[in-house]
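Hi everyone, thanks for coming. Let's have a look at the structure together, and I'll talk you through a few spots.

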Amino acid sequence: MPPRTITQSLHAWLCQEMAAWREAGVLTEPQSAAILELYETRSQIAQRQRSMALLALMGLAALLMGLAVLLLVGYNWAAMPRAAKLAVIFGSLLAAHGAAFWLRYGLRAPRLSEVAFLLAALLYGAGIWLVAQVFHIQSHYPNGIWIWAVGVLLLALALDTLLLHTLLVALLALWVGTEILGFGHLSGWLFGGWGFLPNAAYSLPLLALPGVLWAYRKRSPAAVGLYVPLLAWWLVLQPVAWRPEAGVIYFIGATGALLLLIAESHPARSPMAVPYRLYGTLVCAGTLVLLSFFDFNNDLLREGISVEGVVALGVILLATILTVLLAAWLRAEPSATPGTTPARAFQLTGRPWLPLAMVVLMAVLGLWSVVVQAFGGPSQLEAASLLPTLLANVALIALAMWLMHVGLREDRGRPFTAGVLLFLLWAVLRYIDLFGDFGGMLGAALLFFLCSLTLFGVAMFWRSRKEARHG
């Protein structure tokens, strides 16, 4: 069995703790050696880190080489006959893939073969457009990106390589952006045209699902971190395709809350939850910062929200309910009696209370916009803007406190620090918004002094907590 991967810091901690256990008589020398054999040695960890850095550099080198080849071919392209053009295209594809397979299965050099396959995938994408140019094919150009992504997906799944998954995510993100932002007015398609639906790139989840399953099978947070922003990008662009006019920000905030909910649906301290929590926090915090300003809410209420916007928020609410039920089913004990998933889902909501509250908040703000637009007049907009402003400020503080709670619960410094910094950001924004003209430079000096004391106190608290846990 291959040794388990471990970081340098965890390896050093494990060695230090086992030394203390041996002194206490809990472990013997042979037992300590047997435990260490289960994990990578320090030299193996260093070699793996160097290998990853080398792979990244070689991937960039392959990208530049592919660009150089394309420029070289393009320089002489107009003077070449059609048969020569096709020979160059398919010959380079066969040579690149043949060299990659030879490196992987002939020389047993998997790292070099990953770089070679990346170069072959780049040439495959270039070949799609070059063949279309040779035969003067005029078509919907995002289709070429989609076909390129499908070919890379098959190769990435077959070869089990992170480089090709990175290229796949970049291509899918580019395809989604070009389809929705450039051609959202066209009819949507998924295995054929659906004239009554807008063009919202509906096949994206189907293309991303195999990569997500691969990332979970490999238990790779880095791979999950590739696909989470891709799916978030697709969700955030949905209102653009459906034309909900105003109210897009509520949908974006609910999307961030849904990512936080998925993160909380993972087991405690699971590294696979980190990408969801990271991007969910960024989206939620960015949304709440904008909604915490009175003038911003006033402008939103003046614009109103369309029926499509309310429907979009309803879709997020439905997705939230399904996520909670699915998490409860996945986390059920094998011996659990059937039919208890709703009860477990009710128990599960105690842990991710903030993501659920955030989804409900965005739905309430969207409905509030509808009510104000339908029954309120222009003179009442000023008073009506107070409610979303107050709720957004409360939610922003709650998000900061929740992040600090997550850091304490899982003994992670980054969520705790993010919560502290978010709270300080809220304090600075509210000072600028409410007291900037009144306090002036002296008020700003006092604010920064109080923020420095807060950070110092938080640092001392985290240090004492670490010493209490590991002392």
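**Two helices side by side**

So, α9 and α10 run roughly antiparallel to each other. Keep in mind that this is a predicted model. Where does that label come from? Well, two packed helices are described by the angle between their axes and the distance between the axes. Here, helix α9, residues 221–242, and helix α10, residues 248–264, pack at an angle of about 155°, and angles over 145 degrees count as roughly antiparallel. Their axes are 9 Å apart, and the crossing of α9 and α10 is right-handed.

Which residues in α9 and α10 meet? On the α9 side we've got Val228, Ala232, Leu235, Val236, Gln238 and Pro239. Over on α10, their partners are Val248, Phe251, Ile252, Thr255 and Leu259.

Okay, on to the rings. There are three aromatic pairs in the structure. Take Phe101 and Tyr105: their ring centres sit 6.0 Å apart with the planes at 15°, so that pair is stacked. You'll find both of them in helix α4, residues 82–106. They're four residues apart, which is about one turn of the helix.

One last stop: find Phe293 and look over the face of its ring. Arg430 lies there, at 4.8 Å from the ring centre.

How values were computed:
Residues numbered from 1 in each chain as written. Predicted model: local features only at pLDDT ≥ 70, side-chain atom pairs only at ≥ 80, totals over all residues. Heavy atoms only, no water. Phe/Tyr/Trp six-rings, centres within 6.5 Å; stacked < 30°, edge-to-face > 60°. Lys NZ or Arg CZ within 6 Å of the ring centre and 35° of its normal. Axes fitted to C-alpha atoms, helices over the stretch in contact; angles between N-to-C directions. Parallel < 35°, antiparallel > 145°, perpendicular 65-115°, else oblique. Left-handed = near helix turned anticlockwise from the far one by under 90°. Contact = heavy atoms within 4.5 Å.
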